[in-house]
Amino acid sequence: MSSCPKSLLVPVSVLTVFLCVLSVGSYGQAHSEQALIKPPLLRSIEPPAPDATAADLESRAEELRREKLFLDALDYYRAALVKNPHSASLLNKIGITNLMMQRNREAKKWFDQSIKADRKYADAYNNRGVALYEEQKYGAAIKDYRRAIAMDDGSASFYSNLGAALFAKKEFEPAVQAYERAVAIDPDVFERTSRGGVQAQLPSPGDRARYDFTVAKLYAKMGYSDRSLEYLRKAMEEGYKDFKEVYKDEEFAVLRKDKRFVELVSVKTTTLPE
């Protein structure tokens, strides 16, 4: 009985199509499936022009990054950096691009360089915190987020990232305070992609449910009923074990009068195990 290999080595410039034929027991039947192996990230754009200005190169890099052409974006960022070698912003953007490619170690090196170029550049501290957070080094990430906030306390993303790291460490009260500050600055903070930020890492269904309930409470307190109901629904579906708090928490007092709330809590949901 033949089987498909578990892994394939694919040449950088070759698109490979393989056919797997699987035999089915004593029935002697055969089934075929075709899977397309995507090539690794490739450079597909014309290289940077030698006479282009640093600003033009950076602008083009931004476009390429938005299009997820990360290697090409890096080429343009580095070309811009040659013309402006002490730019903390460019160094930070190269770090972000590596972070988006899940090259955390490489990303941290660039964030370190950005910080070295400008010790007061808050974004670089925040983004290095993101790289540390992705490695589950929550304590170190928290330190960097707090450094960023000390330099710029008007960024909702910094507070949201801090809340995520505190939540991951199960420091729920400080996490709620950070999230509350984030929502006060930007009510859309949970709905948008933050500057180099990431979603909270919540390994268990119980933690995910608690997170959603917490966000629902914050939105209810701020008077955003639609969003509060959305996160309450998620918490219910995930089986939040203390969901009954919604009937007595002061933050939900106004929401409890909304007929949509009555309809929501009347729905039976399956509780997920922690």
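Lysine 93 is buried, at a relative accessible area of 18%; here buried means under 20% relative accessible area, exposed over 50% and partly exposed in between, with a 1.4 Å probe and protein chains only. The residue belongs to helix H3, which covers residues 88–100; helices (H or I, at least four residues) and strands (E, at least two) are DSSP runs numbered from the N terminus. Apart from neighbours within four places in sequence, lysine 93 is in contact with Glu58, Glu62, Arg65 and Tyr77, where contact denotes heavy atoms within 4.5 Å.

The model is a predicted one, in which local features need pLDDT of at least 70 and side-chain atom pairs count only at pLDDT 80 or more, whereas totals for chains, interfaces and linings use all residues. Residues are numbered from 1 along each chain as its sequence is written, and side-chain values use heavy atoms, with hydrogens and water left out.

The interior may be described through its nonpolar cores, a core being a set of buried Ala, Val, Leu, Ile, Met, Phe, Trp, Tyr and Cys residues joined through side-chain atoms within 4.5 Å. The largest nonpolar core holds 56 residues, of which Phe190, Phe213, Leu232 and Phe252 touch the most other members. Phenylalanine 213 touches Leu232, Ala235, Tyr240, Phe243, Glu245, Val246, Asp249 and Phe252, residues up to four places away in sequence not being counted. A second, separate core has 18 residues, among them Ala52, Leu64, Tyr76 and Ala80.

Proline 50 is located in the loop between strand E2 (29–37) and helix H1 (54–66), and its relative accessibility of 75% makes it exposed.

A helix pair is considered next. Helix H8 (residues 172–185) and helix H9 (residues 205–222) pack at an angle of about 45°, and their axes are 10 Å apart. H8 is therefore oblique to H9. Axes are lines fitted to C-alpha atoms, for helices over the stretch in contact, and angles run from 0 to 180 degrees between N-to-C directions; those under 35 degrees count as roughly parallel, over 145 as roughly antiparallel, 65 to 115 as roughly perpendicular, and the rest as oblique. From H8, the contact is made by Phe172, Val176, Tyr179, Glu180, Val183 and Ala184, and from H9 by Arg210, Tyr211, Thr214, Leu218, Tyr219, Lys221 and Met222.

Which residues does aspartate 153 touch? Not counting residues up to four places away in sequence, they are Tyr159, Arg181 and Ile185. Aspartate 153 is situated in the loop between H6 and H7 and is partly exposed, at 46% relative accessibility. Between aspartate 153 and alanine 122, the C-alpha to C-alpha distance is 9.6 Å, with a sequence separation of 31 residues.

Most residues other than glycine have a negative phi. Glutamine 136, although not a glycine, has a positive phi of about 65°. Its place is the loop between helix H5 (122–134) and helix H6 (138–151), and glutamine 136 is exposed at 56% relative accessibility. Lysine 170, likewise not a glycine, has a positive phi of about 65°. This lysine lies in the loop between helix H7 (156–168) and H8, and with 49% relative accessibility lysine 170 is partly exposed.
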